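Hi,

Here is the structure I said I'd pass on. Have a look at it first, and then read on for what turned up.

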Amino acid sequence: MAPLRWIADVVEAQRGHLFPWVPVCFALGIALYFRLPAEPALPALIGCGAGVLLAAVAGWWLGPRAAPLLLCGALVLAGICVASVRAHMVAGPVLGVRYYGPVEGRIVVIDRSASDAVRLTLDRVVLERTSPDRTPLRVRVSLHGDQGWIDPVPGMRIMMTAHLSPPSGPTEPGGFDFQRMAWFDRLGAVGYTRTPVLGVAPAQDGAAGLWVHRLRMAISRAVQSALPGEAGAFAAAITTGDRSGMGQDTLEALRGSNLAHLLAISGLHMGLLTGFVFAALRLAMVLVPYVALHWPVKKLAAAGALAAGVFYYLLSGGNVATERALIMISAMLVAVMLDRRAITLRAVAIAAMVVLCLRPETLLEPGFQMSFAATTALVAVFGALRDLKRWKPPRWARPVVAVVISSAVAGLATAPVAAAHFNRVSDYGLIANLLAVPVMGTLVMPMAVLAAVLWPLGLAPVALTLMRPGLDWILSVAHRVADLPGATTPVVAPGPWVLPVLALGALWLILWQGRARLAGLAPMAAAFVLWSQAQRPPLLISDTGGLVGVMTDTGRALSKPRGEGFVALSWLENDGDAAEQADAFARPAIQAGLFDLDGQSVLHVTGRDAALRAAEGCRTASLVIVPADAAGTGPCVMINEKRLRETGALAVYPEAGVLRLVGARDGARRLWSQ
């Protein structure tokens, strides 16, 4: 019992600083749910719910010294329950086989794919020869070919002939799971069409929720009409969230310069907009003596800023990133109205809990991780500087110092997360942010607010014209920085435990009180050591069997120069390899489909007679990969279409003369992978 008493004493010493740990414990439960190999059964969920109640009762019975530990356990169990309930709430039919034929539905989302094609998400879907109970709730279709004669509008009902397929699984074991993301987005099928899209019925004004989206698109078109070119597309993206007008070159430049976060309407945009509205309203009311003396000016300005934030949230499409930002800003502005300190770790914790309760799946998304990593680090650093009496720069220098510190802190806090998810580091990202973010805050966002105010008077183009120099400057910085030699450094994908260990260490360093907080440096250092030792699979096989990649001294060699480009790009990025697919194909490792893997021969056969050649090759090769239902006699291990349907993408590891195969879906029995 002595260790338990010691733990209780340590926790007791932190009383008054424990609330920010609430979302941490809750997030641990959500993470455990998503790491489970099988979906929890109903009795297990009932047991979790009972455990929450028992922990609460035990905490009340044992007293305040044991309550924090029991509360943390209850929150972990609650996180498992909430994530499971959410997964069942969004359940919907998933297309079981590939489909080609008529597709009819109502447009609910318009965006662009990675290949720059217009992409439509449809609901109220009708598929030929498919019963309603087996028809996906939503499908997403990319438009290829000449579609210039149709102007898609949210709410419009359309018809097309399209290729659809179920959402694909991870491109490799442990990789990004698109099936899981599609499940929570209620996407039951994805595909494309090369035939003209026909309008069946116009958008209905009474369609619930879609009028906001139509307003967004109307404002986006008006902004791009007033500001032609990339500047107008950029302005539309940061005001309405519509990126469909932006070219791939500009998007790539923003990513390479670490300025892509300016496109995501999140904390920066919401903070700049509400901060400007708060300051403007407060100044306007202070200028009226009676109002300044008799009205609660600060609280009224906070209420007005909150209203502006809600309007901006609706206008931007209400995506998850904007939702997080609105919740965080709302917590801070409500604190102002209640005469509490606005910027605290408690406000961040409240926002995190609200987001995780509403959408627990966002815990796994880079947007959630980067947003809260940056916010938590900024609040902690500026809180420490506020309490540091010696840190008082001259008044004229404080805005500049604040911008430099905030850019550096946010960049350092989000860099590991961005590198882990996107497999590259922007070497000059801090410079780009120092040059672009101040312009964003002092010129672009204020002019955006002014344009909204002047819109009913028909004078919005005046404000948009004043905004253009700032937009051109930011885009110029992005292109110049991205074009610098060595602007980005490829990074190998970390193992599954790196980010969780790193996050827990950083949270301990920030949230714990006293010298013991320095203990958080140990897991952070351990996480970076694990990352530096990350090993990539010697051989990868796509879930179709049509593409294989073997690791060589010069990087991964691929079996074909074109086709399955997304899989090839994902493999190379996770390797920390900046090569193109064609360059990886040119690496001399795979000759006529035959190559060596640690002394064992591997044969990859494709084409019309693939099954026959696979059967023959099985007599001499140790491993035969064929994208067909083939069988062979001999000592080989056969990887065919039937096996890949069960395992998904495969990673192969040679160990002591034996080939160990790990599948992306090995043993996984989750709602989204069945």
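This is a predicted model: local features need pLDDT of at least 70, side-chain atom pairs count only at pLDDT 80 or more; totals for chains, interfaces and linings use all residues.

Let's begin inside: the largest cavity has a volume of about 60 Å³. The cavity count, taking 30 Å³ or more as the cut-off, comes to one. Lining the largest cavity are V90, A91, G92, P93, V94, L137, A182, W183, R186, L187 and G188. Two elements, α5 (178-184) and β5 (187-193), each supply at least two residues of that lining. As for the idea behind the search, rolling a probe the size of a water molecule over the atoms shows where empty space is left.

Next, the charged pairs. Side chains of opposite charge can pair when their charged atoms come close. How many salt bridges does a search of the whole structure find? The search comes back with 17. Here are a few of them.

E104 and R157 form one, with 2.8 Å between the closest N and O atoms. This pair links distant parts of the chain: E104 is in strand β1 (residues 99-112) and R157 is in strand β4 (residues 157-165), 53 residues apart. The cut-off for buried is under 20%.

R587 forms a salt bridge with D577, and here the closest N and O atoms are 2.8 Å apart. R587 sits in the loop between α21 (581-585) and β12 (594-597), while D577 is in the loop between α20 (565-574) and α21, and the two are 10 residues apart. R587 counts as buried because its relative accessibility is 14%; D577, at 17%, counts as buried too. There is also a network: salt bridges that share partners join E172, R536, R556 and D575.

The pair of E564 and K560 has its closest N and O atoms 3.4 Å apart. E564 is partly exposed at 22% relative accessibility, and K560 is partly exposed at 23%.

Now for the backbone. Most residues other than glycine have a negative phi, and most peptide bonds are trans. Two asparagines are worth a look here. N258 has a phi near 65°, which is positive, and is found in the loop between α8 (248-256) and α9 (267-286). N423 has a positive phi of about 60° and lies in the loop between α15 (398-422) and β7 (424-426). N258 counts as partly exposed because its relative accessibility is 31%, whereas N423, at 6%, counts as buried.

Buried residues in α11 include V297, A301, A305, L306, Y312 and L315. In general, an α-helix has 3.6 residues a turn, so residues three or four places apart point the same way.

Last, the surface. Which residues form a nonpolar patch there? They are F19, I350, V354 and L358, with about 300 Å² of accessible area together. V354 belongs to helix α13 (residues 345-358) and is partly exposed, with a relative accessible area of 32%.

Cheers

Methods. Residues are numbered from 1 along each chain as its sequence is written. Side-chain values use heavy atoms; hydrogens and water are left out. Patches are made of residues with over 30% relative accessible area and no salt bridge: like charges are joined within 9 Å, nonpolar side chains (Val, Leu, Ile, Met, Phe, Trp, Tyr) within 5 Å. Accessible areas come from the Shrake-Rupley method with a 1.4 Å probe; for residues, only the protein chains shown count as cover. A salt bridge is a side-chain nitrogen of Lys or Arg within 4 Å of a carboxyl oxygen of Asp or Glu. Helices (H or I, at least four residues) and strands (E, at least two) are DSSP runs, numbered from the N terminus. Buried means under 20% relative accessible area, exposed over 50%, partly exposed in between (1.4 Å probe, protein chains only). On a 1 Å grid over the protein atoms alone, a cavity is a set of points where a 1.4 Å probe fits but cannot get out, and a pocket is an open set with protein on both sides within 12 Å along at least five of seven lines; lining residues have an atom within 4 Å of a point. Grid points are joined across faces, edges and corners, and a volume is the space filled by probe spheres set on the points.
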